[in-house]
Amino acid sequence: MPQHPGDPAGRIEPHFDNEPQGAAKPGGGIAARALAAASRAHDVADYLGGLNPEQREAVLTLDGPVLVLAGAGTGKTRVLTTRIAHIISQGKAYPGQILAVTFTNKAAREMKHRIGDLIGGNVEGMPWLGTFHSICVKILRRHAELAGLKSSFTILDTDDQLRLMKQIIQAEGLDDKRWTARTFASIVDSWKNRALTPEQVPEGEARAFGNGKGKKLYAEYQERLSILNAADFGDLLLHTITLFRNNPDVLAEYQKRFRYMLVDEYQDTNIAQYLWLRLLAQGNPNVCCVGDDDQSIYGWRGAEVDNILRFEHDFKGAKVIRLERNYRSTSNILAAASHLISHNEGRLGKTLFTDFEDPDADRVMVASSWDSEEEARTIGDEIEALQSKGHRLNDMAILVRASFQMREFEDRFVTLGLNYRVIGGPKFYERMEIRDAMAYFRCVAQPADDLAFERIVNKPKRGLGEATMKIVHGLARAERIPMMEAAGILCQTEELRPKARTVVKSLLTDFDRWRDQVETMPPTELAEIILDESGYTEMWRQDRSAEAPGRLDNLKELVRSVGEFETFAGFLEHVSLVMDRDAGVDDDAISLMTLHSAKGLEFDTVFLPGWEEGLFPHQRALDESGRAGLEEERRLAYVGITRAKHRARISFAVNRRIHGMWQSTVPSRFLDELPEDHVEVIEPNSSYGGYGAGGFGGYGASRFDNRDPFQSTYSTPGWQRAQRSRSSGSGGFEGRSRFAERNHRQGPKTIEGELVAKSVSDVPSGFSLGERVFHLKFGYGEIASIEGNKLTVDFDKAGRKRVLDSFVERH
DNA sequence: CAATTACTAACATGG
DNA sequence: TTAGTAATTG
């Protein structure tokens with residue numbers, strides 16, 4: 001987002017120069033001495049008191065590289081924050097000389113808060129505590145010219161990124177269906193995760209995309225970004241690294257500055273982040289990385305578990321400290337998690353233990369339900385039961401694999417009147433009206449922002465359609481200038497039709513006027529003026545659709561939140577970097593979030609629904625990353641279970657709706673990897689028990705059913721046999737086999753995460769109109785229409801439904 | 001140029 | 001199922 005036009009970093013952070021270097025040594029500067037004395041008087045043991053010996057060592061070993069292997073719930077954040085407090089109170093460094101990196105804004109906030117508690121004061125003095133991205137932005141804004149940008153550069157979000165890429169793919173004359181922007185984005189992303197500029201990308205790798213034009217497209221994309229004075233998320237790191245490499249003096253400045261460096265969640269760093277850290281650490285070796293290889297769940301984002309495995313090698317003389325004493329969970333929960341994760345290979349290996357032995361503690365519960373709706377219902381009931389026993393909703397969470405699972409829970413909670421909050425769900429700043437409004441603001445702050453301009457030229461309708469924009473776009477491209485500038489030039493000529501010309505002219509003067517007001521007007525007021533004068537608010541007022549009032553509310557909320565910032569630019573930056581907003585934390589509500597965003601949190605009770613093959617482990621993880629993908633999924637399961645302090649409740653549904661069609665599922669292999677002694681299987685309630693015990697009605701595929709072949713873990717012969725028998729359709733488990741036999745079209749099947757077969761079936765269904773069929777969920781019915789393997793059936797009881805043919809049988 | 005309709009792909013995970 | 005885009009028509 002545009003930032004501080006004409007005034008770079010000065011306002012963003014304290015100046016480098018006026019801090020005494022000697023501060024690094026105890027007693028160096030007067031201020032340092034005073035600070036140290038003050039906190040010594042406070043009593044050092046104050047904050048060291050509650051630490052166990054390992055934690056204490058991790059805090060006290062200030063000099064030289066340290067790797068803290070911290071299992072789930074072992075007090076990792078505590079160590080980090082105490083360590084920072086210790087550095088400061090010992091006068092080893094100023095807060096401004098400590099670099100502390102986290103992955104999420106949430107974690108950064110939490111840390112700031114806790115440090116504040118420790119050293120008893122505010123922590124504005126920690127300007128370099130933040131996410132990799134926000135710290136990189138800070139550095140880039142200071143030295144933007146060296147990275148080929150202006151300090152006011154915009155940070156593009158994924159959406160803008162895709163639109164830009166699509167334009168570039170089309171401009172190259174490629175078919176944007178065959179070579180999608182999405183694919184290209186993920187390729188470019190993977191390059192940037194490895195800190196590769198267009199010149200550095202390996203020839204062979206780039207050729208695979210866009211008829212061998214991959215490299216050219218990447219270069220073109222970067223070129224466009226710099227014309228737009230914009231950077232995407234990957235660029236924030238990439239540019240900082242190139243900046244450091246090409247400007248040793250700048251690098252040296254930062255090396256000298258950061259006396260101590262701390263990295264949270266080190267297992268999630270990618271190559272670029274690692275290189276970034278290495279560059280800075282060349283100056284001094286006081287690097288402390290904290291992580292847990294068992295909680296590495298961002299491999300798809302380029303994270304290299306290797307970074308943590310190689311730490312001792314990369315940072316010579318590193319001290320490795322293990323934290324294995326868990327303060328969070330009951331022994332049942334720990335046992336379940338440990339047993340599950342032990343199925344992974346290539347771990348550093350930690351054994352969590354706890355003194356928290358409670359003979360009455362609940363075991364980990366595993367329950368099944370007929371379909372995802374019932375799953376939500378059951379969990380809802382259980383929540384209410386807990387609530388009536390005096391548990392608070394704030395102490396409970398539902399952790400799902402994919403966000404689409406949330407809907408059913410939301411629906412249920414609304415009908416129950418249960419308070420809930422979605423964390424990391426559909427984001428406020430991703431709503432259409434907010435993005436539109438933001439686009440207006442961006443155009444004001446950063447006139448070169450074509451993507452924003454294109455978004456709002458004709459919103460509200462101004463009669464500027466494709467034709468007009470094509471002319472503007474053409475000139476902009478030819479002259480390599482921003483579109484607004486091009487539009488301005490075109491207004492002086494005869495090229496645009498008179499009607500279009502006057503409209504464009506007035507829009508441009510509007511923008512000029514707003515731009516003039518940036519300096520003089522309070523941000524809130526300006527935001528309001530822009531939205532009013534542009535006619536954007538009016539557009540929604542005229543709109544008679546159901547969403548319109550809500551959108552107007554959101555706009556109001558947006559304007560209100562502008563007021564929390566001192567400058568307009570500061571607001572824009574916040575939005576682009578911090579997409580999450582703190583929801584109302586005051587009231588009691590159950591949290592609903594993905595497993596990914598649950599990392600680092602803990603709850604008394606944790607619900608883990610949707611443990612089904614294909615969903616968890618996710619099919620795509622298996623297909624795309626094979627065994628590694630499976631192991632990452634398993635780590636995700638581990639993260640999920642270890643979030644629970646007292647109760648973990650796992651469940652799966654026998655039927656789930658995918659793309660609006662009901663499909664039956666197979667229980668997750670992870671269920672079979674839980675230790676029987678610490679797990680309690682809840683009997684399915686009677687509502688669907690009618691299909692016979694041990695048959696389809698139970699969890700046919702689970703080893704909790706003693707007689708079936710799924711006795712053991714996925715790697716055993718039993719599992720493999722079962723998988724084989726399923727994919728060949730010859731009846732792995734009784735109840736289901738009568739459906740599987742006739743129609744073995746079950747999609748790609750995996751054994752141990754390796755792709756076995758991908759069947760793309762367009763075989764006609766073999767059913768005919770009017771035929772009577774039977775479906776497990778809906779009962780008897782008559783086929784109303786057939787499209788490929790999709791049937792529309794009028795069921796006697798359930799009404800008209802669309803189902804896959806493999807889930808009904810002739811009757 | 002805009003509105004309506006038809007079609008198709010998506011339901012990973014995030015800064 | 002639904003959201004997003006392409007094609008068609010006024």
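This is a predicted model: local features need pLDDT of at least 70, side-chain atom pairs count only at pLDDT 80 or more; totals for chains, interfaces and linings use all residues.
A residue is described here as buried when its relative accessible area is under 20%, as exposed when that area is over 50%, and as partly exposed in between.

Across the whole structure, a search finds 52 salt bridges. One of them joins the side chains of Lys215 and Glu203, at 3.2 Å from N to O. Since Lys215 lies in helix 10 (residues 214-227) and Glu203 in helix 9 (residues 203-207), the pair ties together parts that are twelve residues apart in sequence. Glu203 has a relative accessible area of 45% and is therefore partly exposed.

A further salt bridge is formed by Glu612 and Arg656, whose closest N and O atoms are 2.7 Å apart. This pair links distant parts of the chain, as Glu612 is placed in the loop between strand 13 (603-608) and helix 29 (619-642), whereas Arg656 is in strand 14 (residues 644-658), 44 residues apart. Glu612 counts as buried because its relative accessibility is 1%, and Arg656, at 4%, counts as buried too. Elsewhere, salt bridges that share partners connect Asp157, Asp159, Asp160, Arg163, Arg435, Arg442 and Asp449 in one network.

Arg669 is located in the loop between strand 15 (661-664) and strand 16. With a relative accessible area of 0%, this arginine is buried, and its side chain makes a polar contact of 2.7 Å with the side chain of Glu613. Strand 16 itself comprises residues 679-681 and contains Glu680, which is partly exposed at 38% relative accessibility. Together with Glu357, Asp358, Asp360 and Asp362, Glu680 contributes to a patch of negative charge on the surface.

Burial can also be considered for a helix as a whole. Helix 6, formed by residues 132-142, is largely enclosed by the rest of the structure, because eight of its eleven residues are buried. The buried residues of helix 6 are Phe132, Ile135, Cys136, Val137, Lys138, Ile139, Leu140 and Arg141.

Notes
Residues are numbered from 1 along each chain as its sequence is written. Chains are lettered from A and ligands numbered from 1 in the order in which they are written. Side-chain values use heavy atoms; hydrogens and water are left out. Patches are made of residues with over 30% relative accessible area and no salt bridge: like charges are joined within 9 Å, nonpolar side chains (Val, Leu, Ile, Met, Phe, Trp, Tyr) within 5 Å. Accessible areas come from the Shrake-Rupley method with a 1.4 Å probe; for residues, only the protein chains shown count as cover. A salt bridge is a side-chain nitrogen of Lys or Arg within 4 Å of a carboxyl oxygen of Asp or Glu. Lys and Arg count as positive and Asp and Glu as negative; His and the chain ends are not counted. The place of a charge is taken as NZ of Lys, CZ of Arg, CG of Asp or CD of Glu. Helices (H or I, at least four residues) and strands (E, at least two) are DSSP runs, numbered from the N terminus. Buried means under 20% relative accessible area, exposed over 50%, partly exposed in between (1.4 Å probe, protein chains only). A polar contact is a pair of N or O atoms within 3.5 Å; within protein, one must be able to donate a hydrogen and the other to accept it, and residues adjacent in sequence count only if both atoms are side-chain atoms.
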